[in-house]
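Subject: Structure handover

Hi,

Here is the structure you asked about. My notes follow below it.

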Protein chains: 2
Amino acid sequence: MLTIGSLGKKTGTKVQTIRYYEQIGLMPEPGRTEGGQRRYGDAEVDRLSFIRHARQLGFPLEAIRELLDLSDNPDRSCHEADSIARRQLKQVELRMDRLKALRTELKRMIHECSGGNTADCKVLEVLRDHSECLTDHDAIGA
Amino acid sequence: MLTIGSLGKKTGTKVQTIRYYEQIGLMPEPGRTEGGQRRYGDAEVDRLSFIRHARQLGFPLEAIRELLDLSDNPDRSCHEADSIARRQLKQVELRMDRLKALRTELKRMIHECSGGNTADCKVLEVLRDHSECLTDHDAIGA
DNA sequence: CTAAATGTTCTAGCTGCTAGAGGTTCAAGC
DNA sequence: GCTTGAACCTCTAGCAGCTAGAACATTTAG
């Protein structure tokens, strides 16, 4: 039986985060000691590892919830899991495209910096002048 | 003189967002009509465009605050603006590297999906098995 | 003069945690 | 058995960067 702290260490998760996952129903309510402390078993280690791994892959918690559902019902179609993963891949590729455009413009800004005072600073100038902007309008938060 | 709505349209910013920027001190408190409605001039259009453009480039609001400060004091060194931009470029490149790793693993998951039921779904299997994971541990939120 | 569009403030919510206060329990050493 | 200190507990609030909604006021066009 593991304490929440050792579960955290095993899975690379902060204690607060584990409690948060429990709160939002991603992790089950675990057993408790007489004194009220949480105790975990192997199933919880697996489940939390799954969650963390999916998070590292950028899956939002809601997608992970779906994936866990699928995982709990082994007779349901694999296609659902596959489509979640594909959705996620699309997101990743979209974000990459945006970042590429941003990188280009940032490099241009920096490359042109003359090193004088801000009156003729290219960085500020580029930011002031929207007309040469290559990035797409919804790129915020990318 | 522009209403907040037309300022929003001109700059591609939601009304609420403009008020939020005012609240956190990024935008100045504008003049008001007798009835208490905000009215904006050209300076505000420029300032908001600057902010939005920087946001599209992924600058956090605090960095934008610094950049606006620099912009307001044309005799200060351009190097500060340059270093903010360089910092931002580093962030962007970091995020790109992470996304690349994630994409690789997502592609592997999807590629191996057999299409049966979830009992032998590769997507779930990959998520369950951490050992082949290539991604770096801090990649969450990338 | 009226009605619709747009404005106002205020509060609360989103994602995914993280930090802190103020208190309790557990395990180890003596 | 007792003490100590680490780890646990709950609860609340905060982070970025908005976004949405309620409930009301103002403006503007017809």
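Along the sequence, chain A runs α-α-β-β-α-α-α-α. That is 6 helices and 2 strands. Helices (H or I, at least four residues) and strands (E, at least two) are DSSP runs, numbered from the N terminus.

This is a predicted model: local features need pLDDT of at least 70, side-chain atom pairs count only at pLDDT 80 or more, and totals for chains, interfaces and linings use all residues. Residues are numbered from 1 along each chain as its sequence is written, while chains are lettered from A and ligands numbered from 1 in the order in which they are written.

Chain A overall. Of its 142 residues, 32% count as buried. Buried means 20 or more other C-beta atoms within 10 Å of the residue's own, exposed means 12 or fewer, and partly exposed lies in between; C-beta atoms are placed from the backbone. Take the contacts in chain A between residues at least 6 apart in sequence: 50% join residues at least 24 apart. A contact needs C-beta atoms, placed from the backbone, within 7 Å.

The annotated domain. UniProt, in an unreviewed entry, puts "domain: HTH merR-type" at residues 1–70 of chain A. Positions follow the numbering used here, feature names are shortened, and annotations may be inferred rather than shown by experiment. Over residues 1–70, chain A is 60% helix and 6% strand. The end C-alpha atoms of that stretch are 27 Å apart.

Helix α1(A). A:Ile4, A:Leu7 and A:Thr11 are buried. Seen down the axis of α1(A), its buried residues fall within an arc of 60 degrees, so they line one face of the helix. The arc is taken over directions from the helix axis to the C-beta atoms. These buried residues pack against α2, β2 (38–39) and α3 (42–56) of chain A. A:Ser6 and A:Lys9 are exposed on the other side. Just after α1(A), A:Gly12 has a positive phi of about 65 degrees.

The DNA. Near means a C-beta atom, placed from the backbone, within 6 Å. At least two residues each come from α1 (4–11) and α2 (15–23) of chain A, and from α2 (15–23) and α4 (61–72) of chain B.

DNA strand C is surrounded by 23 residues, with A:Gly35, A:Pro60, A:Leu61, B:Gly5 and B:Arg38 closest. Here α2 and α4 (61–72) of chain A and α1 (4–11) and α2 of chain B each supply at least two residues.

Best wishes

Technical notes:
Contact = placed C-beta atoms within 7 Å.
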